[in-house]
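Dear colleague,

Please find below the structure that I am handing over to you. My notes follow it.

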Amino acid sequence: MHPQQSSRHHHLQLSWTLATDGSDSIDSTASSGSGSTTVERNCIVPLKPDWSYSSPLIFTQDGALVTPENDSIELEEITLATGVEVVLSCSPNYFREFSSEKVLKAKCKKDKTFVVNGQDKNFVSALSCKERPIEEIIVSVRGCPSTLRSIEYGYTNPVSNKSYILGEACYDAKVGRTHFIHTKIKSGMNTVEQLALKVKDNATYFHGYHPTQRYKVDLSKALNINDQVERFRGVFGAKNAPKIESRRYINEALLTHRQYLSVLKMAWNYQIVKDRELLLNYDRLLQDIRALEVPEIEIYTGAHGVMTLKDKHNQSAEVFLVRENRFPVPKLHWTVVKSADKAIAFAVFSKPQLTEQELEKQGTFCTSVCEQITWLKKLREEEAWRTARAGYVLCCEVEEFRRTIKEMPPITGQQVGGGWMVIQQRWDGTENFNRNWTDYWLGFGEVDREHWLGLERIHQFTKKHNCASRDASRAPSCNGDECSINSAISSGGSTTNDLLHRLSSHSRAGTIRTVHLGMYREAHVVPDVTHSGRDHPISWTGTEHARDRDRSSERELIENITHLRAQQAIDGTGS
């Protein structure tokens, strides 16, 4: 029960009193015209949706979302006391029987019967929504390429007229893959407002463009077990045909309120898996996340890669649900857990048998730190995370994780190697880096997306601290993979020459993707980030730079970089 609601809806629950004989009894009232006492039956309304039924959201008259007293994940109904008046909302959609109404006032009578406009109405048949009240709209979401579909989902409070954005998702409707979902999960005693990603003072926010049901229809057909058997027998043989199932990325345990169950029906939330038992460690991870005792938790989750199995000719074959290579069965499922400025990433592999070669390749994925994460209880019991049959788990630093999981969006406030600040971020070419001196001095782009922080900001920060920079790049020396370049920057002076010399030293535009700036305490010790992404102190013997640099030389470097990239664009040699 949320704190702000605790004083509001005690009257919505079953009302118990202490009888004179000391036993508990339900409140009762005398029926009219007789001296007998009858027990009033409260209203019990179902919450869990099915394919034909969507429950409206239920609010108190002053706008509090009604919360069950028992908020367990098994609870699928809300009990309201007889005579209680509530506000029902299907907005921005309509009620099934009241087809022109989005919001109704109703009074509990008994069982599933409510009084609406003086008439008795059944909650399920008459007061259900034509469409789910948790709606999704097509909007731009950071980190989601414009070629994919991006949405926000949530609802509008009909009393306060505020819209609550519960989460966002990015998915490929053509390929049939969810790239990522971003939401908060229940933690502490947070209110409804605190558990939303965003709150808008806009009653029509979810009246925008909605995705069609085509994607969900296609996915439902692809998950048809009979069609799967026919397809997979032809590829893998009758004996080895895989069993493909679905579950939810955001399942009931992760929902922040019991009235949000219609999120379970959204198409991008379907998680395609080969045998649910192979993701037992994924469930253990979710249990550990839910048990975290921190004020606020955000998660990013999605799928990556395509699972390969041996076909009937003993050749490796990728597994798709349909012949057109659509709806791939993921190689792994990933989750990033973020709280305040700290974040950690997890990859759960869904293949039951991993060869030595595959295990060795996972070692290059990241340096796993599962043993160091103290809040992992279930996952660390008897080293469960190492069990491939239950889903082999890697626990990774976020920046290291990003080198493989390209679907992961930028995550603000992340702690990279213990306190790095991102001063340049390059992803997908959405931001133009061929700019003039003024732009590079002031900075440009959005901090959550592609950006350059600005030479003036860097100068003001580094003149007060001993600093080092770290570049996650894709330089020729990295053999096609991202690796790191490190350099110390002395305190007390402008650092822009040091950064720009290194930026300009790469012959191809865009080889440096991410530049981090970090502080170090001793003048001759800097963080060294190797290809594994781990931080180790090493000696630094470079010559200290002068306290003040001539800005004209910095300007010249910027102009050289700009001219170089412009020429490469003309020649077609830039990346």
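The notes below cover the conventions, the disulfides and the surroundings of one tyrosine.

This is a predicted model, in which local features need pLDDT of at least 70 and side-chain atom pairs count only at pLDDT 80 or more, while totals for chains, interfaces and linings use all residues. Residues are numbered from 1 along each chain as its sequence is written, and side-chain values use heavy atoms, with hydrogens and water left out.

Disulfides

With a disulfide taken as a pair of cysteine sulfur atoms within 2.5 Å, the model has five disulfides. Three of them are described here, including their place among the helices and strands (DSSP runs, numbered from the N terminus: helices are H or I with at least four residues, strands are E with at least two). Buried denotes under 20% relative accessible area, exposed over 50%, and partly exposed in between (1.4 Å probe, protein chains only).

C90 and C129 are joined with an S to S distance of 2.0 Å. The torsion about their S-S bond is about -85 degrees, so this disulfide is left-handed. Because C90 lies in the loop between β8 (85–89) and β9 (103–110), and C129 in the loop between β11 (119–122) and β12 (135–138), the pair ties together parts that are 39 residues apart in sequence. C90 is buried at 0% relative accessibility, and C129 is buried at 1%.

For C144 and C170 the S to S distance is 2.1 Å. Here the S-S torsion is about 75 degrees, so the disulfide is right-handed. C144 sits in the loop between β12 and β13 (149–156) and C170 in strand β14 (residues 163–172), so parts 26 residues apart in sequence are tied together. C144 is buried, with a relative accessible area of 12%; C170 is buried as well, at 1%.

C366 and C396 form a disulfide with S to S 2.1 Å, left-handed with -60 degrees about the S-S bond. C366 belongs to the loop between α4 (356–365) and β26 (393–396), and C396 to strand β26, so the link ties together parts 30 residues apart in sequence. Both C366 and C396 are buried.

Y164

Strand β14 also holds Y164, which is buried with a relative accessible area of 3%. Leaving aside neighbours within four places in sequence, Y164 is in contact (heavy atoms within 4.5 Å) with residues including Y153, V192, E193 and F206. The side chains of Y164 and E193 make a polar contact at 3.0 Å. A polar contact is a pair of N or O atoms within 3.5 Å; within protein, one must be able to donate a hydrogen and the other to accept it, and residues adjacent in sequence count only if both atoms are side-chain atoms.

Yours sincerely
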